[in-house]
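Please walk through the structure below with attention to its sheets, its aromatic rings and the helices around them.

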Amino acid sequence: MTVRNTAAATIDRRAFVRDLLTKCPDALVVTGLGSPTYDVFAAGDRDKNFYLWGAMGGAALVGLGLALAQPDKFVVVVTGDGEQLMGIGGIATINAQKPKNLTIVVLDNGHFGETGMQYSHTSHGTSLAAVARACGIENAYEVHDASEVAKVVDGVHKRNGVNFAQIFIKADDLPRALPSRDGVYVKNRFREALGFAPL
Amino acid sequence: MSEEQPHSPWQEDIFNVLKQGNIRQVAYVPDAGHAHVIRRVHAEPSMRGIVLTTEEEGVAVASGAWLGGERAALLMQSSGVGNCINMMSLLQSCRFPFLSLVTMRGEYAEFNPWQVPMSKATQGSMELMGITVLRAERADEVEDIVSAALDAAFEGGEQVAVLLSQSLIGRKKWIRN
C-alpha cells in the first residue's frame with residue numbers, strides 16, 4: 001500500500017490555527033468535529049465560535065448557511081480531512097452558491113486522528129484542493145509552510161469567492177482542549193454575539 | 001418565470017407559506033412534487049434556492065442559516081430522509097428550529113418497488129430522531145398544515161417535517177407517448 005509521506009509535513013496545527021484566528025479577529029468560525037474543534041478552542045474561546053462535536057460531514061455546510069445569512073461577515077470553517085471527505089459532495093453544493101465570504105480551512109494530516117490514526121483517503125492520493133478546484137472553486141490551494149498563513153488570511157478578507165485551503169499539518173497526537181459540549185449553549189451564545197435573542 | 005409551468009394550487013400555497021413565513025434559504029434535492037416551489041424560489045429575489053448533492057447537507061445548511069439569523073427549509077422526497085439520519089443529531093444537540101417538506105414515494109400507485117422500503121421507514125425514522133411528523137393527504141389541507149409546521153419550527157423551536165402524500169402528486173407516468 002503506497003501512502004503519502006505525512007512525516008514530511010512541517011506545520012504545527014495548533015500554532016497555525018492560533019496564528020490564523022488571531023489575524024481574523026472578527027471572523028465567524030465553525031469547527032469540524034475532533035481535533036479541529038480542539039485546535040480552535042485552544043486558540044482562545046470566542047462567542048463567535050461554533051464548535052461541532054458530531055454531525056460529521058456538515059461543518060462546511062453549516063458554514064454555507066451561515067455565510068449566506070451573514071453576507072457582510074467573514075465566515076471561516078476549520079475542519080479536518082476526514083470530516084471534509086465525509087461531506088465531499090458539499091463542496092459542489094458550496095460552489096453552486098458561490099458565497100464571497102466563506103473560507104474553508106482543511107487541516108489535513110492524512111489520518112483519522114480521533115479513532116486511532118488510520119490513514120484517510122488523502123494519504124491514498126486524494127487531493128481535496130484538487131477536488132475543490134474540480135468542483136469549480138478557483139481559489140483552492142495547498143499550504144505546505146506556516147508562513148503561508150498570510151495567503152489564507154488574505155483570502156478570508158478578500159471577498160473574492162469561496163476560499164478553500166488545504167493545510168498539510170504534522171500528524172501529531174496533541175493533548176485535547178475541550179470546549180463546551182452543550183450545543184444549545186454554544187448556539188445561543190453565538191447568536192447572541194450576532195444580536196439575535198433566543199426563542 | 002418566463003413560462004408558466006403546469007402545477008397544482010397546493011404547490012403555489014406551499015411557496016406562499018414559505019415566503020410569507022420569511023424562509024430565506026430553501027435547500028433541496030429535487031422531486032417532481034417540489035418542482036413548482038423550486039422554480040418559484042429561484043425566481044424570488046428574497047429567497048435562495050440551494051441545490052444539494054445529498055439531503056443531509058440541507059440539515060447542516062438549515063442549522064447554519066439559523067445561526068446567522070435566517071430561516072431555512074429542506075425539501076426532499078421520502079427516499080432522502082434516510083440520508084439525513086445522523087446529521088439530524090445536530091438538530092437535537094443544539095435544538096435548532098427545523099422545517100422539512102417531504103414528498104412521499106412508494107405509498108400510492110407506486111410503479112417502482114425500490115421506493116417502497118424507505119417510504120415505509122420515512123415517518124418512523126424521523127420520529128426516532130426526535131422530529132415531529134405531520135402529514136397532508138388532501139390538497140385543501142396542505143396550506144394549513146405547512147403553515148402550522150412553520151410556526152411550530154420557528155416560533156416554537158421544534159423540528160418538524162410535513163409528509164406530502166403521494167396521492168396529492170398523483171400517478172407517475174412511466175410510459176412516454
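Over the ring of which residue does the charged end of Lys187(A) sit? In this predicted model, that ring belongs to Phe96(B), and the charged end of Lys187(A) is 5.7 Å from its centre. Phe96(B) is also part of a cluster, in which ring pairs link it with Phe50(A) and Phe190(A). Both Phe50(A) and Phe190(A) are buried.

Over all chains, the count comes to 5 aromatic pairs. One of them joins Phe41(A) and Tyr51(A): the ring centres are 6.0 Å apart and the planes stand at 80°, so this pair is edge-to-face. Phe41(A) belongs to helix H2 (residues 35–42) of chain A and Tyr51(A) to strand E2 (residues 49–51) of chain A, so that the pair links distant parts of the chain, 10 residues apart. The two partners can be described by their accessibility. Phe41(A) has a relative accessible area of 25% and is partly exposed, while Tyr51(A), at 5% relative accessibility, counts as buried because the limit for that class is under 20%.

The pair of Phe50(A) and Phe190(A) is edge-to-face as well, because its ring planes stand at 75°, with the centres 6.3 Å apart. Phe50(A) lies in strand E2 of chain A, and Phe190(A) in helix H8 (residues 183–193) of chain A, so this pair ties together parts that are 140 residues apart in sequence.

At its start, a side-chain oxygen of Asp182(A) reaches to within 3.1 Å of the backbone nitrogen of Val184(A). The buried residues of H8(A) are Gly183(A), Val184(A), Val186(A), Lys187(A), Arg189(A), Phe190(A) and Arg191(A). After H8(A) comes Gly195(A), which has a positive phi, near 95°.

Next, the sheet of chain A. Its 6 strands form an open sheet in the order E2-E1-E3-E4-E8-E7, with parallel pairing. E2 and strand E7 (139–143) of chain A are the edge strands, each pairing on one side only. From one strand to the next, the twist averages 15°. Within this sheet, strand E3 (residues 75–80) and strand E4 (residues 102–108) of chain A pair in the parallel sense over 6 bridges. Val77(A) has Ile104(A) in E4(A) as its bridge partner. Helix H3 of chain A packs on the sheet, where it touches E1, E2, E3 and E4 of chain A, and its direction makes about 175° with that of E3(A).

A second case of a charge over a ring involves Tyr141(A): Lys151(A) lies over the face of that ring, at 4.2 Å from the ring centre.

Is His111(A) buried or exposed? With a relative accessible area of 10%, His111(A) is buried. His111(A) is placed in strand E5 (residues 111–112) of chain A, and its side chain reaches the backbone oxygen of Asn109(A) at 2.6 Å. Leaving aside neighbours within four places in sequence, His111(A) is in contact with residues that include Thr6(A), Asp81(A), Met117(A), Tyr119(A), Ser123(A) and Ala171(A).

Turning to chain B, strand E1 (residues 23–28) is largely enclosed by the rest of the structure, because 5 of its 6 residues are buried. E1(B) runs parallel to strand E3 (residues 71–77) of chain B, to which 5 bridges join it. E1(B) is also joined to strand E2 (residues 48–51) of chain B by 4 bridges, again in parallel. Gln25(B) stands opposite Ala72(B) in E3(B) and opposite Arg48(B) in E2(B).

How values were computed: Residues are numbered from 1 along each chain as its sequence is written. Chains are lettered from A and ligands numbered from 1 in the order in which they are written. This is a predicted model: local features need pLDDT of at least 70, side-chain atom pairs count only at pLDDT 80 or more; totals for chains, interfaces and linings use all residues. Side-chain values use heavy atoms; hydrogens and water are left out. Rings of Phe, Tyr and Trp (its six-membered ring) pair if their centres lie within 6.5 Å; planes under 30 degrees apart count as stacked, over 60 as edge-to-face and the rest as tilted. Helices (H or I, at least four residues) and strands (E, at least two) are DSSP runs, numbered from the N terminus. Buried means under 20% relative accessible area, exposed over 50%, partly exposed in between (1.4 Å probe, protein chains only). A charge sits over a ring if NZ of Lys or CZ of Arg is within 6 Å of the ring centre and within 35 degrees of the ring normal. A polar contact is a pair of N or O atoms within 3.5 Å; within protein, one must be able to donate a hydrogen and the other to accept it, and residues adjacent in sequence count only if both atoms are side-chain atoms. Two strands pair if DSSP finds at least two bridges between them. Axes are lines fitted to C-alpha atoms, for helices over the stretch in contact, and angles run from 0 to 180 degrees between N-to-C directions. Contact means heavy atoms within 4.5 Å.
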